[in-house]
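Subject: Handover of a structure, with notes on what was found

Dear colleague,

I am passing on the structure below, together with an account of what was found in it. Please read the notes alongside the coordinates.

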Amino acid sequence: PDTNHPAFETLFRAHVAKLLKARGAARYLSKGNYNALRIGYLATIFPDARFLVPIREPASHVASLMRQDAWHATAPRATLEHIAVRGHHEFGPMKRGLRVPGPAPTNEPGTPDDWLRQWLAVYGHVLGLAALPELAGRILFVPHGQLLDAPEASLERLLGFLGLGPFDGRDAWLSRAAAGFSGSPAPDRRPGAMSRDLLARARALHEACARASGWPESPHHLG
């Protein structure tokens, strides 16, 4: 990527190293929606970093995003400010548009199609990154459908991708984590009226992302 801020990069690496030392840890986990757009840059700062990218059947995902947006729309101002000061502007009245390659913003913000265009832009961007030689083997898409179909095998693959070998309580952890997906309810696929063309493109992209990471086809992928 063309992003280059040596002073920040030195500071950020030192900050992460300090946190690891303070906690006696060997790994640092960062979970955040915006990280999807920062993978290229983060990969240069941390050459040994791995990137897990959850992905969900797009209509179901849009329904979930719209529920979050509706909740934030009615949340107390103090709650929204508390969230915003930590750098989160994904939902509600403080939402900010993402700067990501893809279709230009529309004049119908908040509609299912608007959310779907954002979905296409973000996952299309990450799929393009995954095809770069310098990021080969460092990005793993994690389809929600696979976690529903084969939770323990899917989690085993995640551990392998992250280079996490045997550890105390590993089998018990796997069983507990897998149980959280077993019997999960069917995804909500009712976000409202959506463009058939956009949804078809999004489902094709969903399948392409799953294939790029070598997952078998799942009935949960298709909607």
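Apart from its neighbours within four places in sequence, Ser213 is in contact (heavy atoms within 4.5 Å) with Ile139, Leu140, Phe141 and Arg157. Ser213 belongs to the segment after α9, and it counts as buried because its relative accessible area is 6%, where buried means under 20% relative accessible area, exposed over 50%, and partly exposed in between, with a 1.4 Å probe and protein chains only. Between Ser213 and Leu127 there are 9.9 Å from C-alpha to C-alpha, although the two are 86 residues apart in sequence.

Please keep in mind that this is a predicted model, in which local features need pLDDT of at least 70 and side-chain atom pairs count only at pLDDT 80 or more, whereas totals for chains, interfaces and linings use all residues. Residues are numbered from 1 along each chain as its sequence is written, and side-chain values use heavy atoms, with hydrogens and water left out.

As for the overall layout, the chain holds 9 helices and 2 strands, these being DSSP runs numbered from the N terminus (H or I, at least four residues, for helices; E, at least two, for strands). Starting at the N terminus, the order of the elements is α-α-β-α-α-α-β-α-α-α-α. Of the 223 residues of the chain, 38% count as buried, and of the contacts with a separation of 6 or more, 71% are between residues 24 or more positions apart.

The interior comes next. A nonpolar core is here a set of buried Ala, Val, Leu, Ile, Met, Phe, Trp, Tyr and Cys residues joined through side-chain atoms within 4.5 Å. The largest such core has 34 residues, of which Ile39, Leu116, Trp119, Tyr123 and Ile139 touch the most other members. At least two residues of this core come from each of α1 (6-23), α2 (39-45), β1 (51-55), α3 (58-73), α5 (112-130), β2 (139-143) and α9 (196-212), and α5 gives the most, with 8 residues. Leu116, with its neighbours within four places in sequence left aside, is in contact with Pro58, Val62, Met194, Leu198, Leu199 and Ala202. There is also a second, separate core of 11 residues, which includes Leu147, Leu158, Ala210 and Trp215.

Two helix pairs were examined. Two packed helices are described by the angle between their axes and the distance between the axes; the axes are lines fitted to C-alpha atoms, for helices over the stretch in contact, and angles run from 0 to 180 degrees between N-to-C directions. Angles under 35 degrees count as roughly parallel, over 145 as roughly antiparallel, 65 to 115 as roughly perpendicular and the rest as oblique.

The axes of α5 and α9 come within 10 Å and cross at roughly 25 degrees, and these helices are therefore roughly parallel to each other. Their crossing is left-handed, meaning that the near helix is turned anticlockwise from the far one by less than a right angle, while clockwise would be right-handed. On the α5 side the contact includes Asp113, Leu116, Trp119 and Tyr123, and on the α9 side it includes Leu198, Ala202, Leu205 and Cys209. By class, the residues of this contact divide into 12 nonpolar, 2 polar and 3 charged, with Ala, Val, Leu, Ile, Met, Phe, Trp, Tyr, Cys and Pro counted as nonpolar, Asp, Glu, Lys and Arg as charged, and the others, Gly among them, as polar.

For helix α7 (residues 151-161) and helix α8 (residues 170-179), the axes come within 9 Å and cross at roughly 125 degrees, which makes α7 oblique to α8. The crossing of α7 and α8 is right-handed. Pro151, Glu152, Leu155, Glu156 and Leu159 of α7 meet Arg170, Trp173, Leu174, Ala177 and Ala178 of α8, a contact with 7 nonpolar, no polar and 3 charged residues.

Gly110, in the loop between α4 and α5, is partly exposed, with a relative accessible area of 31%, and its contacts beyond four places in sequence are Met66 and Trp115. Asp48, in the loop between α2 and β1, counts as exposed at 68% relative accessibility; Asp48 and Arg138 are 90 residues apart in sequence and 8.4 Å apart in space, C-alpha to C-alpha.

With best regards
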